[in-house]
Amino acid sequence: MDEQDFRRHSDASLEALKRSLYEAEGEADFEVEENAGALHITFEEPPAKFVISPNAPVRQIWISALSTSFKLDWSEQKQDFELAKSGETIKQLVGRLINEQLGEEAIRLK
């Protein structure tokens with residue numbers, strides 16, 4: 001995948017994720033902000049911050065959450081970014097991480 005394709009896929013994926021997160025903000029205690037092309041999810045209790053950002057040189061979306069770095073690759077089959085280790089798409093993974101942070105099944109990203 002060239003950089004232009006990566007940018008197109010990552011922009012669309014992050015925009016869809018952002019919309020889903022905005023919808024879910026009312027269901028749980030977190031805030032979503034976009035800053036310099038990255039999404040920041042901030043939690044007050046327990047305090048934490050997740051950062052989701054595209055990494056064009058390696059054609060991945062990186063998620064820093066729960067003291068771990070998750071690196072997602074584009075899946076032609078799923079037409080989405082996925083975590084190869086678990087097969088989760090970006091929305092599935094972010095939803096799971098938010099629920100783990102909150103300690104409950106508070107949200108489901110659509």
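How many helices and strands are there in the protein chain? In this predicted model, for which local features need pLDDT of at least 70, side-chain atom pairs count only at pLDDT 80 or more, and totals for chains, interfaces and linings use all residues, the protein chain holds two helices and seven strands, these being DSSP runs numbered from the N terminus (helices H or I, at least four residues; strands E, at least two). Residues are numbered from 1 along each chain as its sequence is written, and side-chain values use heavy atoms, with hydrogens and water left out. Along the sequence, the elements follow the pattern α-β-β-β-β-β-β-β-α.

The radius of gyration of the protein chain is 13 Å, which agrees with the value near 13 Å for a compact globule of 110 residues; the radius is taken over C-alpha atoms, and the globule rule is 2.2 Å times the number of residues to the power 0.38. Along the principal axes, the C-alpha atoms fill a box of roughly 40 × 30 × 25 Å. Of the 110 residues, 45% count as buried, where buried means under 20% relative accessible area, exposed over 50%, and partly exposed in between (1.4 Å probe, protein chains only).

Lys18 is located in helix H1, which spans residues 3–24, and counts as buried because its relative accessibility is 11%. Apart from neighbours within four places in sequence, Lys18 is in contact with Glu34 and Leu39, contact meaning heavy atoms within 4.5 Å. Within the protein chain, 41% of the contacts with a separation of 6 or more are accounted for by residues 24 or more positions apart.
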